[in-house]
Structures are given as structure tokens and as C-alpha cells.
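Reader: Please take a close look at one part of this model and describe it in connected form. Give the cut-offs for the terms as they come up.

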Amino acid sequence: MEQCCGRAAAATPTNADLHSGRYNVARAATWKLFKRLSITWLCCGVVVGSYAAALAIARTGADEQDCSHTCKPPFRTDNGTVLLVGDSITAGYFPDVAGILDGRAPAASCYDAGHTGGLSSIAGVILGRFGSGDGWCGTSHGVLQCVDGYLNELHANLSVIHFNWGLHDIDPHIYRTHISHSQYYENMEKLYLAFKRAAPAATVVFQTTTPVPPSYTRGRDNKDVVAINDVAKTLFGPTGKYTDVVVNDLYQHIVDVCHNDPESTCYPDTCDCPHMQDDGVHFSPAGRRFNALMVASTIAPISSGKTMLAAGRTPPEKRDVAEWRPWELAFFIQLGFLGGLLVLVGGAVLLRRKWARGPAPASSDGGETKDPA
């Protein structure tokens, strides 16, 4: 055995060593440890994989989900003549619209509460962002589940209802649901009819969905915006099914003002309009003020103060579906899967042990065994 740095170098195992009991014991122990680690990692993989699959199933079946947990009640219920309904774009211009129509500076507390402005000589403005959530509940499907309950609690005398819902319906990446054009048409019609049931004398204004700049690469495309706006125009406006609805073409207003800048004449096809839209699909301070001016100028001429409310409104019927969120539903799906897997594995182990024992050996003297002498 050679010496190395004052130590005896480890000897290469010979054939005799490889067949010795000590080496076989070590090899068996290593193999046993490897099997245990493999089983542990396999179990972890089954747990993680089953939850991922269960969550995918839960989200796929989200069209049967009850979105009541995402619905928000009105912050106040006794004031306001104008209701603004929409997503984060609407929430962005709401304070400035309230400032114009209410005759007061935008109030941060009203913006944070997200539901009300004050009374004024022109109109009291209410932000009706009454639904939220991801997945299916973040689309117009979820809005429809919340609108009746919200309007039933809102006792304001509405003269104008200004609404839009579009950007959430063209983003399957975030909201994990594809809304077809026919479904969008149907949902916008249902939303309009819900507004007319709640306030039959109010003027309904539909706002077109705002552009998606070409630099935005997270799931939305401006071609989809153009498509759903075209769908909405077949439903609302002078050439649509409901000619009484006023169309505020905010999409075109934004494109026109951007084209006033020589560097943004290609917006929104091949270039951005950064002085108006500087945060993905969201707007800069100047862009939000411009949107507010366009919305307020549409509302002011048709706002007529108090109007008649619909009499005898009743709360919407509760949907007979589960109230679980996708991750909660996934947990129970996974629990059932792992429970069933445990039963199958346990049954297989018991059967294997039973077969390993085999039938009891028969004795040669008629079945009786004798004690050895």
C-alpha cells in the first residue's frame, strides 16, 4: 500500500473484497438508501403534480364558479346621478371626471374607496367597480354575477350609466379564459339590460375599449381590441341593435390625439404614444386627464339630475354552484386523488403479501402434523 502525504492511500477493492460480506452489506445499505430517497422524491412529485393538475382542472371548470366572493357593495348608497362602470382604465380617469362634474378637486379617499363621489350642480359620480378577481371572475362573466346585487343596493337616482368592459376579456394569459366574440356580444347585452332594469329612465353610454400599444407583449393585442369594439358597435349606437345607447368612442379619441404628435402617427399599429400611455395599457397623468375630459364631455350634456328608479327590484337569485376559489377546489380534488391513490397502493400491498405467503403446505399423513420427536 502506497503512502501519500503521510497517509495510507485507499486500496482498490480486489475481487475478493467485492465478494466479501462487508462490501455486500455496504452496497445493500446504499441501494436501500437510494430506494428510500427515490420513493420520497416520487411522493413529492406526485403531491406537487397532482395539485398542479387539480388546479388546472379547477380553472378549466371555472365557468361554473360562483364569483360572489369578488363582488363589492356600494361604498355609499344614497347619492350620485352618474355611474361609471369599468376596469382599471375607468378607475384611472374617475377622480378627474368626478372633479369636473362634481365641481371639486379629486379626492384621494374617494379614489381609494373606489365607489363614490359627492353631489354637485352637474352630477354626483359613482365608480361602480363592483367586481374583481382573476380567472373567469375577472372577465365580463364575473361582472354579470355582481351587477344585479350592486344595483339592488345602490339607491342613487341615476341619470347616466357609462360603462365599458373589454381589456379583461381579451387577455387569456392573465384571466385564463377565452371570451369569444359571440360571448362578448351576449355579455355586453346582458349588462346593458341589467342597467335598464335598475334605472329605466337613465341614459346608457357605452365606452369603446382603449388601445393596446405594440410594445405590450403580455397577452393582449390591439387587433382584439378593434374586433370587440366592432362587435359592440353592432350592439350599441345608431347602427346597432340598441340605438338609444350613446357610444363614447374613446378608442378613436385617443388615436386622434396621439396622431397630433408627428412621432406617434403610427400609433397604435407599429409605435407607442408614450405621452398618453406610458404603463402598458394604462395611461400617463396626461392621458388620464384627457380620458376624463372625453368622458365628462359625453356625460355632461345628457346628465339631467334625479331620475326615476325601478320599482320592486329584488335581489338576484343565488347561483347553485360551489363558492370555492380555484385553489380551494384544487385542494379538495388533490385530497380525493391522494386518498384514492393511498387506498389503491394499500390494497396492492395487502394482496402482494397474501400472494407471497401462498397456500398452507399439506402434510403427508392426512393433513395432521406431528411434533418432531
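Author: A residue is called buried under 20% relative accessible area, exposed over 50% and partly exposed in between (1.4 Å probe, protein chains only). Thr-139, at 0% relative accessibility, therefore counts as buried. The model is predicted, with local features needing pLDDT of at least 70 and side-chain atom pairs pLDDT 80 or more, while totals for chains, interfaces and linings use all residues. Residues are numbered from 1 along each chain as its sequence is written, and side-chain values use heavy atoms, without hydrogens or water.

Thr-139 lies in the loop that joins strand S4 (125–127) to helix H5 (140–153); helices (H or I, at least four residues) and strands (E, at least two) are DSSP runs, numbered from the N terminus. Beyond its neighbours within four places in sequence, Thr-139 has contacts (heavy atoms within 4.5 Å) with Trp-165, His-168, Asp-169, Tyr-175, Thr-177 and Ile-179.

Strand S4, on one side of this loop, pairs with S3 in the parallel sense over three bridges, where pairing requires at least two DSSP bridges between the strands.

S3 itself covers residues 82–85. Val-82 and Leu-84 point one way from the strand, whereas Leu-83 and Val-85 point the other way.
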